[in-house]
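Dear colleague,

Please find below the structure that I am handing over to you, with its sequence.

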Amino acid sequence: MVVLETKDLSYSYPDGTLALENINIKIEKGKKIAFVGRNGSGKSTLFLALNGTHRPQKGQVLYHGNPMKYDSKSLREVRKNVGIVFQNSDDQIFAPTIYQDVAFGPTNLGYPREKVDKIVTETLEYVGLTHLRDKPPHHLSGGQKKRVAIAGIVAMDPEVIILDEPLSNLDPVGADEVMDLLNELNYFGKTIVISTHNVDLAYSWADYVFLMNDRRVISEGAPEEIFRQTENLKAAYLRRPVTLEIYEEIKKRGLAKVRSCPRDIPDLVQTLRSQHLMWVDVPPEVEEGDTINLGILYGEYAQDSMYEAINCRVLHIHEDGLAIVEMDRKALRAGSIGIYDTSRYSHEELMRIISRDGIECVGAMGKKSKLIAEGDDLYIHVTSGVIDRSILNALSGQRCLILTHGGMVDHAMDRIRCYIEKSGITLPVDVVNPVKEE
Amino acid sequence: MTHILDDYAVLSPLRYKNNWLKLSVVTFGILAGVSSNSPLVPLVTAACMSFATVHFGKIPSGLYLRLLAGPAGFVLVSAVIIAFFFGEGVKLFSFDVLGFTLGVSSAGLNMALLVLARTLGGMSCLLFLSLTTPMIELFSVLKTTKLPDSFIEISMMMYRYIFVFMEVAMGVKYAQTVRLGYKDFRTSFRSVVMLGTNLFIRSWEQGEKLYVSMNSRCYDGKLTMLDEKRPVKLPEAVLACGYFVLVMFVFLYTRGMPLI
């Protein structure tokens, strides 16, 4: 279903500068969409046209198939459902306290006091800022301000959330927390639209990408297609994502499988050809063509995890007793991923699970889980890129546990299952503290 | 980041006490100090308020003394002058300077002590209020005073953007300093003018951005007020009453009784 659509939309600023030219886009419900373009390509202006702030001189914006009307009642309706989080949080957070700022939207929707209070309390808890509710905004860090800005929009329960450069000026972990939040919102059915010039982010995160340059949309499609069109990227003054660059380079050297399109690090690792050939010392009685068993390889042969090299075929024996063998690898111990839902957190239970399952690597996803871990002095190995890192660690034999809560539990399960399906590698994955049935 | 008074107030535990109770304690202290003829009453209020600010309000005593030192230094100088130039009658002591006789009479000394005590008492009352009640709490008090809503809303936004612009101004000032913008009087003057112009344009732009962002959240002329119910708890009420009784007692006891 298409939520927002533009037809031949052109817009110029009051001083006559053309800002958008013949924009035709369709934004589908429930998708993660990225507008990618360099600074000044028209992304922010387009966003303001989508919620009716800018009225186009030519063409139209359609909301659920109906042309947008610019009387105040229709605009209210659109703005309730199309929320914009501005690039600079200080432009948006204006109330003297966090609570009042988040309450601003719901109050404007005319909700009664008690309902506003309930919504604000829930939203603040959702973004993990309950402890800051009475603080003035200038006491907050950049990442916290960004989450307040998002909370202010989420509190209005819009259908589409548009974020202008959501990760600008954020540190990597803060950026990760914002992305986790967006993923969770998307999982619960919100359409998320972001603008960015970070090609890596757009490539790994989005379902659908619009490439913008010079007031126009120059290309659109799935990220795998868009970011392989080198010419278009060049025209938009952008570069290829790092994952793709690395993949192309190792492919040229014959180290990776052809015709894949890795979007994240687990994908990239998956494209690597397995190492089949190896130089080994063999006893003198072994002849070419024999099958030998090398036993368990560890240490410098297997940096990350031990593996068993069985049924190795000797291809060639060198003069000094060195031989080339071709082998099958069998991981000695498969890793696993457990997901712990911190909305049912109990310290004893978690400790029991960690010692029972021999967990070596604990990751925390989402602010709430991180706060819990911090409060109880749990050592967290992974705090950013948690799902990817856990998959990689599990692939090399570690037992990982992800602490998370709410919608992110299902989101993480889906991501890992999706990986299992795509790669054909089975990793045991489970929610370790499922809801007890009455 | 440097802390300003409001930051201490935001972090003070007394912030979460009933605003009206705090206001009445402060008003009572000031009124008692002003209407008493004896310096003892304002001195008692000063002692009580200072103790409350530092002990209950958890304000660093060094900071508190520094804040008080400004007006106290000023009023000390004034008190000396008042002591010498006010009051007729028998001099307590006197000396000659270049042919003039300077002396202090008991009336002059009483007057000087009263001024000193009143200033200290008033200052400590005001400091108590400003160090334990941040602006954000006072907005809800303003709301009940029947001032027009738009007045309060504008002051709320002004309050918020003071900090935004302060940050901008500090950034610009720093950028000017590292490029030697304050090396002598002429350049400093130029730099300050540029800083001012820049801030003016920025605030203009900020206003427009704010308008767009508020409209995007369906602004229709209503802001939420933070009026949390903070009932007066028994220990607070007892403490406040104890304070009232103490001050009243001192007031009645010292009425018409000069110190010296």
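In this predicted model, chain A contains an open sheet of six strands in the order 6-7-8-3-9-10, and the pairing within the sheet is mixed. Its edges are formed by strand 6 (82-85) and strand 10 of chain A, each of which pairs on one side only. Neighbouring strands of the sheet are turned against each other by 20 degrees on average, with direction ignored.

Two of the strand pairs may be described in detail. Strand 3 (residues 32-36) and strand 8 (residues 191-196) of chain A run parallel and are joined by five bridges. In this pair, A:Ala34 stands opposite A:Ile194 of strand 8. Helix 1 (residues 43-50) of chain A packs on the sheet, where it touches strand 3, strand 6, strand 7 (160-164), strand 8 and strand 9 of chain A. The direction of helix 1 makes about 155 degrees with that of strand 7 of chain A.

The second pair lies at the edge formed by strand 10 of chain A. Strand 9 (residues 208-213) and strand 10 (residues 216-221) of chain A run antiparallel, and five bridges join them. A:Asn213 has A:Arg216, in strand 10 of chain A, as its bridge partner. The two strands form a hairpin with two residues between them, and A:Asp214 takes a positive phi near 50 degrees there.

The C-alpha atoms of chain A fill a box of roughly 90 × 55 × 40 Å, taken along the principal axes. Of the 438 residues in chain A, 41% are buried. Among the contacts in chain A between residues at least 6 apart in sequence, 66% join residues at least 24 apart.

Finally, I turn to the contact between the two chains. Chain A gives 31 residues to this contact and chain B gives 24 residues. On the side of chain B that touches chain A, the elements that give two or more residues are helix 6 (135-143), helix 7 (149-178) and helix 8 (185-216) of chain B. The residues on that side of chain B comprise 15 nonpolar, four polar and five charged.

With kind regards

Methods:
Residues numbered from 1 in each chain as written. Chains lettered and ligands numbered in written order. Predicted model: local features only at pLDDT ≥ 70, side-chain atom pairs only at ≥ 80, totals over all residues. Buried ≥ 20, exposed ≤ 12 C-beta atoms within 10 Å, placed from the backbone. Contact = placed C-beta atoms within 7 Å. Helix = DSSP H or I, 4+ residues; strand = E, 2+ residues; numbered from the N terminus. Nonpolar A, V, L, I, M, F, W, Y, C, P; charged D, E, K, R; others polar. Pairing = 2+ DSSP bridges. Axes fitted to C-alpha atoms, helices over the stretch in contact; angles between N-to-C directions.
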